[in-house]
Amino acid sequence: QFPSPYRLDTANNFVGNTQLPPSAREGFMVTDALLNQIAKVLELNGGCGKVLFQTKCEDVAVYVKNLAIGTGKLESISCDNPVLDIDRVYLQAPGGRPNRVEQWLSSVPNSD
């Protein structure tokens with residue numbers, strides 16, 4: 001999986017694999033600098049290129065989306081076949097909702 005997710009911070013109590021980057025801001029592969037470089041490459045192609053970012057970690061997806069939009073050079077666009085009800089997908093998956101998602105939802109008010 002690229003990028004590897006960072007450890008989850010739940011009320012300043014980091015959980016997860018200690019081999020992962022400590023946080024989104026410390027050691028995580030997706031940075032402002034990387035996203036700005038991506039924007040520059042896309043501009044070379046007349047600004048009509050696209051980047052697909054995909055992850056199984058909802059908190060990572062939200063973080064990267066906000067970071068990308070925050071560059072002022074990238075935007076989020078709709079996909080052709082969006083998942084409209086992720087809980088329905090989780091209900092059909094072996095094991096249900098991933099532990100990381102459960103921990104993130106319990107640590108972030110109004111995220112569910």
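The model is predicted, with local features needing pLDDT of at least 70 and side-chain atom pairs counting only at pLDDT 80 or more, while totals for chains, interfaces and linings use all residues. Residues are numbered from 1 along each chain as its sequence is written, and side-chain values use heavy atoms, with hydrogens and water left out.

Q: What makes up the chain in terms of helices and strands?
A: The chain has 4 helices and 2 strands. Those are DSSP runs numbered from the N terminus, with helices being H or I over at least four residues and strands being E over at least two. Along the sequence the order reads β-β-α-α-α-α.

Q: Why is Arg100 called buried?
A: Arg100 has a relative accessible area of 15%, and buried means under 20%, exposed over 50% and partly exposed in between (1.4 Å probe, protein chains only). So Arg100 counts as buried. This arginine sits in helix H4, residues 99-107.

Q: What is Arg100 in contact with, leaving aside neighbours within four places in sequence?
A: Contact means heavy atoms within 4.5 Å. Arg100 meets that with Pro5, Tyr6, Arg7, Leu8, Cys57, Asp59 and Val60. With Tyr6 there's also a polar pairing: a polar atom of the Arg100 side chain lies 2.7 Å from the backbone oxygen of Tyr6. For a polar contact you need a pair of N or O atoms within 3.5 Å; within protein, one must be able to donate a hydrogen and the other to accept it, and residues adjacent in sequence count only if both atoms are side-chain atoms.

Q: Is Val101 buried or exposed?
A: Buried, because its relative accessibility is 3%. Val101 is in helix H4 too, and leaving aside neighbours within four places in sequence, it is in contact with Lys56, Glu58 and Tyr90. Val101 and Asp59 are 42 residues apart in sequence, yet their C-alpha atoms are 7.4 Å apart in space.

Q: Which label does Cys48 get, and which does Cys57 get?
A: Cys48 comes out at 56% relative accessibility, so it counts as exposed. Cys57 is at 10%, so it counts as buried.

Q: How many disulfides does the structure hold?
A: The count is 0. To score, a pair of cysteine sulfur atoms would have to be within 2.5 Å.

Q: Why does Thr71 count as buried?
A: Thr71 has 18% relative accessibility, so it goes down as buried. Thr71 is in the loop between H2 and H3, and it touches Leu35 and Asn36, setting aside neighbours within four places in sequence. A polar atom of the Thr71 side chain is 3.1 Å from the backbone nitrogen of Lys73.

Q: What puts Pro22 in its accessibility class?
A: Its value is 28%, so Pro22 counts as partly exposed. You'll find Pro22 in the loop between strand E2 (13-15) and H1. Pro22 is 16 residues from Tyr6 in sequence and 5.9 Å from it in space, C-alpha to C-alpha.

Q: How do you know which class Leu42 belongs to?
A: Leu42 is at 16% relative accessibility, so it counts as buried. This leucine is in helix H1 and touches Gly47, Cys48, Gly49, Lys50, Val51 and Leu74, not counting residues up to four places away in sequence.

Q: What makes something a pocket here?
A: On a 1 Å grid over the protein atoms alone, a pocket is an open set of points with protein on both sides within 12 Å along at least five of seven lines, whereas a cavity is a set where a 1.4 Å probe fits but cannot get out. The largest pocket has a volume of about 1,500 Å³, volume being the space filled by probe spheres set on the points, which are joined across faces, edges and corners.

Q: Which residues lie nearest the centre of the largest pocket?
A: Val51, Leu52, Phe53, Ser76 and Ile77, out of 40 lining residues; to be lining, a residue needs an atom within 4 Å of a point. Helices H1 (32-44), H2 (58-70) and H3 (86-92) each give two or more residues to the lining, and H2 gives the most, with 8.
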